[in-house]
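The sequence and the structure come first.

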Amino acid sequence: MRIYLDYNATTPVDPAVLDAMMPYFSENFGNASSIHSPGQRARGAVDAARASVATLLGAKPSEIVFTSGGTESDNLALFGVVAASQEPRKHIITTAIEHHAVLNAAQALENLGAEVTYIPVGREGTVDPEDIRRALKPETILISVMHANNEVGTIQPIEEIGRIAGTADVLFHCDAVQTAGKQPLDVNRLGVDLLSISAHKIYGPKGVGALYVRSGTPLEPQFYGGHHERDRRPGTENVPGIVGLGKAAELARKNLQTDCARLTTLRNRLEDALLAACGDARVNGNRAQRVSNTSNISFHGAGGEALVIALDLQGIACSTGAACSSGAVGPSHVLLAVGLSPDEARSSLRLSLGRTTTAEEIDQAIATIPQAVARLRALSPLSATTAISA
């Protein structure tokens, strides 16, 4: 039996999503910008999907911009706000644990002359809103803080940060790729001006996402062509993908409470059993304030990448962290930011559950993972070193 525990990296396309998409690959293939009947059928499908995404986010349909995914949404938010700003000096505030789609965009903007402040986090991976407040400057134009971290699952105090941004009259972007379908999302309650989501994290297709842009938010497009997406993102619409995102958003809203309760129970059972069976292990992040499906555990003396490979040979797919960081030379920037040593960070495993995870799969993981940890510890020189600090 193959067991997939890497849902934070990607999810399978829900059968209902695939069914909704299929006609738009074939008989309903019209260009949504065409005025004839086939084009208008495609336009109607795009408009329906836009309304579905807006409902998931508590937004207006006119505030939804379809993109190629979370990375493009994050880049459009950061580069678009900076390009639209009339301020002679531009200052951005973000955090040390953002996804690379935000961090690398921020670093690129630094190279173009912007100033960026990277706010540190505490041991549990939580941003202190007062650190955001203290970092504000007269030239601050944007704050970007993720809703939940993709590696440890910690949920950030977005509402409080939103109030700080609103009081300071600074635009606020939130990467919510890992909370859509796991946490209620209401852009007005959160106080955000821009918010990113991705279809393939919520049982939709890869290659499509959305950026919420509050009405009146200045945003400069980052490439040019036609007048698609209200002049904010040109290019012929990916109608099948957009339809898939719309259906996935509908299902995410419908299943959120049920999925959250079930996954919390399964994750806690898996986590508690592994901590008891493996010893000298620790959960990374905030165990109370995190998304329901995510567990990140350091197993002292067992290298994370070796553990991923060993478990894959045993039929369990998991990861050491973000899929976009696979092949990176150094340890996770997130785990270093929360205070782990490089060795501790390299001994960590991310286990993320999903809608199709079963209790039987969790039982099998509980039986298999401790054995793999024990084998690797027996081979590791770290097994003789000091245990993980408390």
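## Salt bridges

The structure holds 20 salt bridges, a salt bridge being a side-chain nitrogen of Lys or Arg within 4 Å of a carboxyl oxygen of Asp or Glu. The model is a predicted one, in which local features need pLDDT of at least 70 and side-chain atom pairs count only at pLDDT 80 or more, while totals for chains, interfaces and linings use all residues. Residues are numbered from 1 along each chain as its sequence is written, and side-chain values use heavy atoms, with hydrogens and water left out.

One of the salt bridges joins Glu229 to Arg50, with 2.8 Å between the closest N and O atoms. This pair links distant parts of the chain, since Glu229 belongs to helix α8 (residues 228-231) and Arg50 to helix α2 (residues 37-57), 179 residues apart; helices (H or I, at least four residues) and strands (E, at least two) are DSSP runs, numbered from the N terminus. Glu229 counts as buried at 7% relative accessibility, and Arg50 counts as buried at 6%, where buried means under 20% relative accessible area, exposed over 50%, and partly exposed in between (1.4 Å probe, protein chains only).

Arg269 and Asp363 also meet through their side chains in a salt bridge, at 2.5 Å from N to O. Here too distant parts of the chain are linked, with Arg269 in helix α9 (residues 239-278) and Asp363 in helix α13 (residues 359-379), 94 residues apart. Arg269 is partly exposed, with a relative accessible area of 33%, and Asp363 is partly exposed at 40%.

## A salt-bridge network

In a further salt bridge, Arg287 pairs with Glu271, and the closest N and O atoms are 2.7 Å apart. Because Arg287 lies in the loop between β9 (281-283) and β10 (294-299) while Glu271 lies in helix α9, the pair ties together parts that are 16 residues apart in sequence. Arg287 counts as partly exposed, at 39% relative accessibility, whereas Glu271 is buried, with a relative accessible area of 1%. Salt bridges that share partners join Glu271, Asp272, Arg287 and Arg290 into one network.

## The cavity

Rolling a probe the size of a water molecule over the atoms shows where empty space is left. A search of the whole structure finds one cavity of 30 Å³ or more, a cavity being a set of points, on a 1 Å grid over the protein atoms alone, where a 1.4 Å probe fits but cannot get out. The largest cavity holds about 130 Å³ of space, a volume being the space filled by probe spheres set on the points, which are joined across faces, edges and corners.

Its lining consists of 16 residues, and Ala180, Gly181, Lys182, Lys201 and Tyr203 lie nearest the centre of the largest cavity; lining residues have an atom within 4 Å of a point. By class, this lining has seven nonpolar, five polar and four charged residues, with Ala, Val, Leu, Ile, Met, Phe, Trp, Tyr, Cys and Pro counted as nonpolar, Asp, Glu, Lys and Arg as charged, and the others, Gly among them, as polar.

Val13, Leu18, Met22 and Phe25 make a nonpolar surface patch of about 360 Å². Such patches are made of residues with over 30% relative accessible area and no salt bridge, with nonpolar side chains (Val, Leu, Ile, Met, Phe, Trp, Tyr) joined within 5 Å and like charges within 9 Å, and accessible areas come from the Shrake-Rupley method with a 1.4 Å probe, only the protein chains shown counting as cover for residues. Leu18 lies in helix α1 (residues 15-21) and is partly exposed, with a relative accessible area of 41%.

Leu190, in helix α7 (residues 187-190), is buried, with a relative accessible area of 3%.

Conventions:
On a 1 Å grid over the protein atoms alone, a cavity is a set of points where a 1.4 Å probe fits but cannot get out, and a pocket is an open set with protein on both sides within 12 Å along at least five of seven lines; lining residues have an atom within 4 Å of a point.
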